[in-house]
Amino acid sequence: MHIPDNYLSPSTCAVMFAAMTPIWYYSVQKVKKTVTQDKIPLIGIGAAFSFMLMMFNLPIPNGTTAHAVGGTLIALLLGPYAACIAVSVALLIQAFIFGDGGILSFGANCFNMAFILPFVGFYVYRFLNRVIPSKVGHKIAILIASYIGINVAAFVAAVEFGIQPLLFVDSAGHALYCPYPLWISIPAMTLPHLLFAGVAEAVFTLAIYEFIGRVSPGVMYDAGKIKLNPLIGLLVALICLSPLGLLASGTAWGEWGGNELAADASLGKALGYIPDKIAHGFEYEALFPDYTVSGMAEPLGYILSAIVGAALLVIIFKVIGSMYHGNKKAC
Amino acid sequence: MEIKKHAEGAYMPTAIPDWILHSDTYSPSADKEAFLRKTIAAISRTITFFGPSRYQVQKRHRGNITADLLLLFVSVLLIVSAHSVVFPLLILAIELVYLAALDGKQIRGIIKPAVIAFCFSCVLVFPSLFLGNNRWMELPFKIFITVLGVSYVSRITPLYEISRALRAVHIPCIFILVWDMTIKYIILLGHTILHLLISLRLRSVGKNDHKYQSMAAIMGTTFLKSQEYAKDTYHAMVCRCFTGTYEAAVRQADWSTYIMYGIAAVLLIGCYLFLEGYIG
């Protein structure tokens with residue numbers, strides 16, 4: 001679901017960025033009012049969880065991959081506004097340090113994964129929790145909410161992809177940016193999420209939510225104790241297991257390089273050309289491109305990337321928490 | 001005012017004096033004291049950095065300071081001599097993990113000097129880009145990692161432990177004496193100046209345009225105080241039969257700690273040799 005650079009036109013990227021700006025501003029204001037100082041580092045740990053979940057690529061039968069995001073999980077634990085900030089920072093780290101998701105399309109990626117996903121997941125959960133007010137109903141609500149959240153986000157991303165060839169073509173009729181119209185992009189994006197990534201998101205969300213509820217209930221309730229060690233332990237376990245994400249060798253749909261795109265047969269036959277702006281567009285050289293380190297074996301590079309990414313996110317939110325002058329304690 | 005002589009001979013007023021019935025309308029005029037405020041804040045920061053409170057905020061160091069310093073020295077040497085950025089990246093990952101375990105305030109204190117050093121070296125190295133040096137960011141990156149490591153070790157290590165560790169690695173006693181005295185005098189003289197500045201601030205009621213003139217007096221008093229402190233230190237040294245020779249206290253050998261540091265050093269060097277292509 002990470003839209004790379006040059007798949008969306010600069011004008012689309014600008015619109016998405018403009019749409020996200022007030023959301024970020026409002027989220028920061030809400031977090032200042034509602035999240036207590038001692039819970040700010042938890043946003044970092046939530047962001048690190050999201051970052052790690054996005055590294056677990058799932059193989060899809062058509063040769064592409066998909067991954068969970070964990071946005072609904074953070075929304076359930078800390079609220080949708082905190083989730084918006086956490087996933088946005090995770091996406092920022094991914095874009096700038098790991099080259100996963102574009103720099104120009106950062107606003108669009110945040111709109112899909114940091115806004116649509118956690119907010120839809122959170123409000124669907126709230127609705128279902130009222131409809132089925134029982135322990136089992138609570139678990140079902142988590143499963144369904146996280147499943148719907150990621151699928152709506154994938155649908156919105158598909159629409160962003162799909163409107164590009166309708167709006168931007170050259171004189172020969174070739175697409176300048178993403179070449180797939182809505183009737184291809186929507187099923188191509190939503191089917192893998194409906195069948196695989198959605199299920200993974202739901203299972204991960206419920207499993208981690210239940211785990212945190214047992215070992216550190218203070219994360220969810222103001223009265224309980226916040227124990228960071230079990231959360232850090234789970235994070236370390238995810239880091240150690242992260243090379244499993246390499247088992248899925250393909251590239252996620254819509255995240256190809258130019259040559260992969262030219263050979264892709266989503267249209268029924270190979271596309272046969274590289275869209276002009278993808279071939280000659282904006283390029284950014286990341287420090288760890290695609291979570292690899294040149295000169296280091298791929299699994300080791302993947303683990304190193306996971307450590308750097310997760311540690312950076314925890315550090316960033318700890319530093320923000322130390323400069324935070326909002327709520328000192330829960331009311 | 002009517003005054004009657006009391007039976008015991010003392011004179012007692014029979015009416016309240018007029019002046020006491022009037023409310024005091026004195027309001028001191030606004031005064032500029034930014035320099036005083038800033039100086040007091042700067043000195044307080046310095047004392048907090050060097051003073052005993054520094055020891056209290058940090059966690060108790062569980063390892064061996066001497067081994068820490070040696071490990072830091074080895075890692076700095078390896079980072080500097082690395083031809084590619086892979087090994088420095090590995091060290092960066094380790095440093096980030098250590099940093100992530102600290103609280104936000106400590107992290108800020110550790111990162112700050114590293115960022116300053118990084119920016120400064122960027123400014124120095126940037127012109128080489130115009131001479132065709134495409135790897136111009138490598139040097140600032142290495143500097144960032146080394147300063148981050150040094151900053152981390154210095155922050156988590158109490159200053160008195162550093163003195164001990166310096167002696168254990170056979171640094172000359174005179175150097176350690178100067179180091180020790182400097183730190184103690186920064187704290188002592190810092191407190192003296194702080195008290196003088198606070199008293200100057202409290203005594204300056206209303207507008208006082210002559211505060212700057214007091215600075216010379218403060219510095220002079222501080223100098224005289226330093227003479228007193230020096231004499232006191234000398235007498236204290238004589239009383240304790242201290243000749244300026246530091247003996248590193250030999251602790252009972254904690255072999256598990258030494259083995260852990262040994263494994264860490266071997267791993268570090270092994271990773272360096274492997275990633276630089278010397279082995280494997």
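Colleague: How much helix and how much strand is there over residues 7-28 of chain A, and how far apart are the end C-alpha atoms?

Modeller: This is a predicted model, to begin with. Residues 7-28 of chain A are 86% helix and 0% strand, with 29 Å between the end C-alpha atoms.

Colleague: What does UniProt call that stretch?

Modeller: The unreviewed UniProt entry gives residues 7-28 of chain A as a "transmembrane region". The entry puts the same feature at 40-60, 72-97, 103-128, 140-163, 183-209, 230-253 and 300-320 of chain A.

Colleague: And what does the model have at residues 72-97 of chain A?

Modeller: That span is 96% helix and 0% strand, and its end C-alpha atoms lie 24 Å apart.

Colleague: Helix packing next. At what angle do α1 and α5 of chain A cross?

Modeller: Roughly 45°, with the axes of α1(A), residues 10-34, and α5(A), residues 106-131, coming within 7 Å. At that angle α1(A) is therefore oblique to α5(A). The crossing of these two helices is left-handed.

Colleague: Which residues make the contact?

Modeller: From α1(A) there are A:Thr12, A:Cys13, A:Met16, A:Phe17, A:Ala19, A:Met20 and A:Ile23. The α5(A) side consists of A:Gly107, A:Ala108, A:Cys110, A:Phe111 and A:Phe115. By class, the contact of α1(A) with α5(A) has 10 nonpolar residues, two polar and no charged.

Colleague: Now α2 and α9 of chain A. How do those cross?

Modeller: The axes of α2(A), residues 40-55, and α9(A), residues 228-241, come within 10 Å and cross at roughly 20°. An angle under 35 degrees counts as roughly parallel, so α2(A) and α9(A) are roughly parallel to each other. Their crossing is left-handed.

Colleague: Which side chains meet there, or rather which residues?

Modeller: A:Ile45, A:Ala48, A:Phe49 and A:Met52 of α2(A) meet A:Leu231, A:Leu235, A:Leu238 and A:Ile239 of α9(A). In this contact eight residues are nonpolar, with no polar and no charged ones.

Colleague: Switching to chain B. How many helices and strands are there?

Modeller: Chain B has 11 helices and two strands. Starting at the N terminus, the order is β-β-α-α-α-α-α-α-α-α-α-α-α.

Colleague: What fraction of chain B is buried?

Modeller: 14% of the 280 residues of chain B count as buried. Of the contacts in chain B with a separation of 6 or more, 76% are between residues 24 or more positions apart.

Colleague: Last topic, backbone torsions. What is phi at A:Tyr291?

Modeller: Near 60°, a positive value in a residue other than glycine. Most residues other than glycine have a negative phi. A:Tyr291 sits in the loop between α11 (276-279) and α12 (298-322) of chain A.

Colleague: Is A:Tyr291 buried or exposed?

Modeller: A:Tyr291 counts as buried because it has 26 C-beta neighbours inside 10 Å.

Colleague: And B:Cys241, what is phi there?

Modeller: Phi of B:Cys241 is near 55°, again positive in a residue other than glycine. B:Cys241 is in the loop between α10 (211-239) and α11 (255-275) of chain B. B:Cys241 counts as exposed because it has 6 C-beta neighbours inside 10 Å.

Key:
Residues are numbered from 1 along each chain as its sequence is written. Chains are lettered from A and ligands numbered from 1 in the order in which they are written. This is a predicted model: local features need pLDDT of at least 70, side-chain atom pairs count only at pLDDT 80 or more; totals for chains, interfaces and linings use all residues. Axes are lines fitted to C-alpha atoms, for helices over the stretch in contact, and angles run from 0 to 180 degrees between N-to-C directions. Helices (H or I, at least four residues) and strands (E, at least two) are DSSP runs, numbered from the N terminus. Angles under 35 degrees count as roughly parallel, over 145 as roughly antiparallel, 65 to 115 as roughly perpendicular and the rest as oblique. A crossing is left-handed if the near helix is turned anticlockwise from the far one by less than a right angle, and right-handed if clockwise. Two residues are in contact if their C-beta atoms, placed from the backbone, lie within 7 Å. Ala, Val, Leu, Ile, Met, Phe, Trp, Tyr, Cys and Pro count as nonpolar, Asp, Glu, Lys and Arg as charged, and the others, Gly among them, as polar. UniProt positions are given in the numbering used here, feature names are shortened, and annotations may be inferred rather than shown by experiment. A residue is buried if 20 or more other C-beta atoms lie within 10 Å of its own, exposed if 12 or fewer, and partly exposed in between; C-beta atoms are placed from the backbone.
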